[in-house]
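Please look over the sequence and the model together, and keep both in view while you read.

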Amino acid sequence: MAESMQGLKRTCRCAEVTEAQIGSNVTLMGWVQKSRNKGGIIFVDLRDRTGIMQLIFENGDIDEEGFNKAAKLRSEYVIAVTGVVEKRSGAVNENISTGTMEIRVNYLRVLSESEVPPFPIEENSKTKEDLRLKYRYLDLRRPDIQKNMMMRSKVATLTREFMAKEGFLEIETPMLGKSTPEGARDYLVPSRVHPGSFYALPQSPQLFKQLLMVSGYDRYIQIARCFRDEDLRADRQPEFTQIDMELSFVDVDDVIDVNERLLAHLFKEVLDVDVKLPIQRMTWQEAMDRFGSDKPDLRFGMELKDVSDIVKDCGFAVFTGALALRDGTVRGINASGCGSMPRKKIDKLVEFAKGYGAKGLAYIAIAEDGTRKSSFAKFMTDEEMDALVRALDGKAGDLLLFAADRKKIVWNVLGALRLQIAEELGLLKKDEFCFLWVTEFPLLEWSDEEERYTAMHHPFTMPMDEDWQYIDSDPGRVRAKAYDIVLNGCEIGGGSVRIHQNDIQEKMFEVLGFTKEQAWEQFSFLLEAFKYGVPPHAGLAYGLDRLVMLMAGCDSIRDVIAFPKNKDAVCLMTQAPGEVSEKQLEELHIKTDVDEEN
């Protein structure tokens with residue numbers, strides 16, 4: 001039967017007990033990890049968020065009632081014990097920090113009993129994720145998940161402390177705002193007071209933090225909740241957290257400087273990893289040309305090589321046909337050491353590439369004796385084949401893979417392919433951290449779907465001064481004062497210098513297809529504020545979930561979020577989203593048009 005804890009006070013947590021306390025009495029409280037009854041002696045592993053402490057119950061040390069209660073302990077019972085810290089009489093457990101000690105219990109109180117949990121509370125659980133998410137409160141007891149949560153808390157605390165010393169003010173911005181076209185779909189909240197009108201949950205605090213700069217708060221920081229109604233994946237959730245910041249009277253180098261020092265501080269304090277400063281920078285164009293990605297993973301090579309000049313006059317129609325396209329290109333990568341890859345595995349890589357838009361892949365496999373097998377050699381001269389091998393630094397044992405199409409497709413295909421091959425070869429080490437700043441993004445990108453230019457980041461990004469002259473004649477040529485911070489092939493943060501001149505902002509809206517009236521309808525509060533003296537300003541936002549995921553060596557941000565949604569944006573524990581009553585809908589003046597089958 002469960003008892004209260006009246007009169008008992010915990011003196012420390014399990015893993016906070018030290019050898020200096022040997023001979024002292026302590027009171028611990030926590031969950032039973034496991035119990036082993038050896039007849040006259042009972043061993044219990046007690047668990048809390050700090051770790052494990054072994055307890056010993058033995059006749060003579062504890063009264064008969066207490067010993068009988070100890071014999072009935074089961075996994076996940078919540079107990080309180082008082083006892084003496086001793087050196088272990090048996091084997092030392094080197095896998096836990098308290099492995100040289102144990103508590104000889106003289107008093108036991110059962111605070112709460114437990115049914116048998118639906119899965120074991122253990123590290124590296126093999127239980128299916130859906131079941132763990134359904135019982136997330138149990139999943140959160142697992143030591144590896146608890147370590148992630150504690151790391152996340154430490155990162156947030158260290159960030160706040162560091163930014164406060166740098167002169168940043170922590171300021172909250174509204175959760176209920178106006179729906180504005182910022183990229184993803186908004187989550188909408190109907191207003192009961194204003195029938196037919198809706199608030200939008202923030203995709204980011206972007207407009208409000210710019211207004212704070214207008215208001216004279218020249219360094220702002222917020223650990224902000226954000227919401228985007230978009231398709232999910234391993235590193236994306238409908239609600240997520242940003243480390244959001246904005247600075248006045250700065251340019252690109254100022255933002256990069258403070259953030260490099262922040263990252264170095266976090267990685268040293270949390271992981272004892274030294275981040276080499278300054279962090280390498282690479283323009284967007286160079287990143288795409290070398291790695292086929294604007295968030296390249298630098299833990300391995302396998303860079304893209306442009307071989308268009310070599311094959312422009314060859315007899316292989318796949319290559320020459322691609323080069324006849326607008327923006328057509330032929331590029332390749334060298335999967336070093338994969339020259340003996342079986343044909344079936346090569347065919348799998350071809351299918352993988354097709355998933356990224358490729359019509360196929362051409363290859364040259366170089367055996368250890370130097371002989372070559374190729375899917376297209378019969379269309380090429382020996383000189384052309386030799387030139388391709390040289391261009392990709394091919395040697396015995398290598399596999400050379402080529403893609404031919406429009407530049408954007410070739411980048412996507414080979415960028416994804418190099419990551420896939422690197423993963424198969426075990427080149428992606430989670431304890432290696434390669435940072436990179438990607439700079440000078442295009443200001444605009446062409447949307448075939450909408451048949452117009454769209455903002456690559458958002459409509460408030462400052463163009464490069466020297467490129468603004470091309471905004472009418474060649475908008476795609478204009479680069480932005482935008483920058484992303486990339487870690488191991490993941491964008492962990494991004495930002496830009498913002499537009500602070502009305503004429504440039506109005507021109508941006510015009511290029512993006514807004515009439516002056518539409519721009520004012522959507523952003524009137526910002527444009528009105530810009531009439532009253534705007535400082536030059538810039539900012540950056542990290543995805544806190546994604547950053548902690550990488551620091552913790554996890555594969556999914558769900559492992560670093562306390563109560564995440566699954567891939568269908570459903571909380572399996574609370575069953576959100578759920579239906580609401582007709583009365584609630586009536587109060588909000590909402591009618592649904594969903595058939596019963598759906």
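When the whole structure is searched, one cavity of 30 Å³ or more is found; here a cavity is a set of points, on a 1 Å grid over the protein atoms alone, where a 1.4 Å probe fits but cannot get out, while grid points are joined across faces, edges and corners and a volume is the space filled by probe spheres set on the points. This is a predicted model, in which local features need pLDDT of at least 70 and side-chain atom pairs count only at pLDDT 80 or more, whereas totals for chains, interfaces and linings use all residues. Residues are numbered from 1 along each chain as its sequence is written, and side-chain values use heavy atoms, with hydrogens and water left out.

The largest cavity has a volume of about 40 Å³, and its lining (residues with an atom within 4 Å of a point) includes Thr 173, Pro 174, Met 175, Phe 208 and Arg 225. Strand S9, residues 219–227, gives the largest share of this lining, namely three residues; helices (H or I, at least four residues) and strands (E, at least two) are DSSP runs, numbered from the N terminus. By type, the lining residues of the largest cavity divide into six nonpolar, three polar and one charged, where Ala, Val, Leu, Ile, Met, Phe, Trp, Tyr, Cys and Pro count as nonpolar, Asp, Glu, Lys and Arg as charged, and the others, Gly among them, as polar.

From this cavity we can turn to the core. In soluble globular proteins, nonpolar side chains tend to be buried together. A nonpolar core is defined here as a set of buried Ala, Val, Leu, Ile, Met, Phe, Trp, Tyr and Cys residues joined through side-chain atoms within 4.5 Å, and buried means under 20% relative accessible area, exposed over 50%, and partly exposed in between, with a 1.4 Å probe and protein chains only. The largest nonpolar core has 105 residues, of which Met 245 and Phe 435 touch the most other members, and helix H6 (residues 252–271) contributes the largest share of this core, 10 residues. A second, separate core of 25 residues includes Cys 12, Leu 28, Leu 46 and Met 101. If neighbours within four places in sequence are left aside, Met 245 is in contact (heavy atoms within 4.5 Å) with residues including Met 163, Phe 168, Tyr 220, Leu 262 and Tyr 542.

Next comes helix H11, residues 382–391, whose buried residues are Glu 384, Met 385, Ala 387, Leu 388 and Val 389. Those buried residues pack against helix H8 (308–311) and against the strands S14 (362–366), S15 (372–374) and S16 (399–406). Strand S14 contains Ala 362, which is buried, with a relative accessible area of 6%. The C-alpha atoms of Ala 362 and Phe 402 are separated by 5.0 Å, although these residues are 40 residues apart along the chain. Beyond its neighbours within four places in sequence, Ala 362 is in contact with several residues, among them Phe 316, Phe 319, Leu 400 and Phe 402.

What is the phi of Asp 393? Phi of Asp 393 is near 55°, a positive value in a residue other than glycine, and Asp 393 sits in the loop between H11 and S16. Asp 393 is exposed, with a relative accessible area of 54%.

Helix H15, residues 544–552, is mostly covered, since eight of its nine residues are buried, and among them are Leu 544, Asp 545, Arg 546 and Leu 547. After H15 comes Gly 553, whose phi is positive, near 75°. In the loop between H15 and H16 lies Gln 575, which has a positive phi of about 65° although it is not a glycine. The peptide bond from Ala 576 to Pro 577 is cis, with omega near 0°, and the bond from Leu 277 to Pro 278 is also cis, with omega near -5°. Pro 278 is placed in the loop between H6 and strand S11 (281–283), whereas Pro 577 lies in the loop between H15 and helix H16 (582–587).

Finally, consider the cysteines. With a disulfide taken as a pair of cysteine sulfur atoms within 2.5 Å, the count comes to zero disulfides. Cys 554 is in no disulfide, and the nearest cysteine sulfur, that of Cys 490, is 12 Å away. Cys 554 is buried, with a relative accessible area of 14%, and Cys 571 is buried, with a relative accessible area of 8%.

Terms used. On a 1 Å grid over the protein atoms alone, a cavity is a set of points where a 1.4 Å probe fits but cannot get out, and a pocket is an open set with protein on both sides within 12 Å along at least five of seven lines; lining residues have an atom within 4 Å of a point.
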